[in-house]
Amino acid sequence: MDKSKLYELICSYNDEMLELWKNMVNIDSGPDAHEGVKKVSDIVAEFLRNIGFLTRTINFPNAGNMLVAEYGDMTKPFVIITGHMDTVFNKGAASTRAFKIEDGKAYGPGVLDMKGGITIALFVLKALLSMNYRKHPIKIILAGDEEIGHSCSTAPQEFIKEGTGAFAAFNMETGFPDNGLVVERKGMYQFMLEVFGRGAHVGNAPKNGRNAIKEIASKLLDIEALTDWDKGNTFNVGVIEGGTVCNSVAAYAKIICDLRFVDSSYLPDVKAALQKIVEKQYVEGTKTVLTSIVEFSAMKRLDTTMELFALVKRTAQEEGFRPVTAKAVGGASDSAYLTNIGIPTVCAMGVIGEHNHTVEEFAIVDTMLERAKLLAAVLVNV
Ligand SMILES: [Zn+2]
């Protein structure tokens with residue numbers, strides 16, 4: 001395929017790309033807006049059907065839907081392009097912070113994470129297919145509840161089911177300013193520990209009290225002591241609440257914790273250690289309950305991922321693009337479910353920017369075409 005013609009075609013889509021990007025950012029699709037996720041999904045599905053894909057949705061009663069789109073003979077080894085349509089922002093964000101461009105930066109909820117990446121993928125596929133790309137079948141998998149860790153859906157199982165048969169995957173997640181592409185991500189396990197003690201008047205009957213704060217304070221230190229820097233298991237107790245007034249023994253206390261891990265195979269041992277802490281009693285008569293909040297698998301660094309990354313790196317060199325580097329990061333993504341079943345996956349191929357998950361989130365507009373050309377060339381070469 002003539003790559004310079006391909007790049008020319010992609011650049012000719014610039015205005016359409018900005019328009020679609022804006023339209024998607026201006027739809028609330030946060031955790032409380034499943035119907036907004038559906039709207040984004042409908043826009044993407046229509047676009048993909050227009051260029052020849054078959055599309056279907058996977059619906060969940062309590063979470064944003066997934067979109068799956070296929071092009072070509074899916075019985076052959078295929079390429080996956082993946083990402084998510086939801087954002088972290090609740091309803092109202094799109095109207096108070098509508099898409100805008102100022103000084104070469106685009107702003108708006110999910111502009112970087114990751115409606116820019118979806119826009120890139122769509123127009124790269126449009127360009128490739130209009131230039132008669134036939135090299136491999138392509139499957140698009142977009143989740144609708146990634147930002148809440150798929151806590152109310154079976155999306156991880158769907159990723160595994162839909163991903164089986166792929167030989168390479170590219171995730172259009174948030175790109176990094178250093179042009180690093182992600183080949184490894186930590187997994188995450190968030191949980192809550194609640195202690196139920198017994199309240200008592202501290203003047204009249206202090207001995208009747210069972211102090212939940214004392215119990216949880218001791219357990220908190222045990223939990224933080226589970227951090228293993230060598231293995232890359234790190235605990236953070238990020239929230240603590242308990243008691244009501246200082247003249248009553250605290251009847252209740254809770255902590256909310258976050259564990260990051262490099263390798264999902266460490267998780268059973270870590271959970272067993274946690275269970276021991278739950279069962280241990282510092283203050284007689286208290287009861288501790290552990291509740292899992294969300295669990296996200298780690299994206300393993302596969303040797304085959306490094307080979308796929310080498311192809312991306314070589315492509316960037318040959319085409320005279322900005323050099324790319326491989327990096328490991330602490331934030332989770334759906335790439336984990338693909339690497340879990342051995343599919344080489346390069347993540348963070350999306351538009352580049354900073355401050356995702358905050359109101360300062362921005363994407364550098366020029367990186368839209370830069371990353372589109374990179375993805376297009378990589379898809380030609382892979
Ligand atoms: Zn994301």
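A crossing of two helices is called left-handed if the near helix is turned anticlockwise from the far one by less than a right angle, and right-handed if clockwise. The views below come from a predicted model, where local features need pLDDT of at least 70, side-chain atom pairs count only at pLDDT 80 or more, and totals for chains, interfaces and linings use all residues. Residues are numbered from 1 along each chain as its sequence is written, and side-chain values use heavy atoms, with hydrogens and water left out.

**View 1. Helix H9 crosses helix H11.** Two packed helices are described by the angle between their axes and the distance between the axes. Here H9 (residues 303–318) and H11 (residues 366–381) have axes that come within 9 Å and cross at roughly 115°, and the crossing is right-handed. The axes are lines fitted to C-alpha atoms, for helices over the stretch in contact, with angles running from 0 to 180 degrees between N-to-C directions. Helices (H or I, at least four residues) and strands (E, at least two) are DSSP runs, numbered from the N terminus. On the H9 side, look for Leu-311, Val-312, Thr-315, Ala-316 and Glu-318; they meet Leu-374, Ala-377, Val-378 and Asn-381 of H11. Contact means heavy atoms within 4.5 Å. Six of the residues in this contact are nonpolar, two polar and one charged. In this grouping, Ala, Val, Leu, Ile, Met, Phe, Trp, Tyr, Cys and Pro count as nonpolar, Asp, Glu, Lys and Arg as charged, and the others, Gly among them, as polar.

**View 2. Helix H1 also passes H11.** The axes of H1 (residues 3–12) and H11 come within 10 Å and cross at roughly 145°, in a right-handed crossing. From H1, Lys-3, Leu-6, Tyr-7, Ile-10 and Cys-11 meet a set of H11 residues including Leu-369, Ala-372 and Lys-373. This contact divides into nine nonpolar, one polar and two charged residues.

View 3. His-84 in strand E3 (residues 78–84) and Glu-173 in the loop between strands E7 (166–171) and E8 (180–185) are 89 residues apart, so the pair links distant parts of the chain. His-84 is buried at 1% relative accessibility, and Glu-173 is buried at 6%. Buried means under 20% relative accessible area, exposed over 50%, and partly exposed in between (1.4 Å probe, protein chains only).

**View 4. Backbone features to look for.** Most residues other than glycine have a negative phi, and most peptide bonds are trans. A cis peptide bond, with omega about -5°, joins Asp-113 and Met-114, and Met-114 lies in helix H5 (residues 111–130). Asn-179, in the loop between E7 and E8, has a positive phi near 65° and is buried at 2% relative accessibility. Ala-348 has a positive phi of about 70° and sits in the loop between strand E14 (345–346) and strand E15 (353–354).
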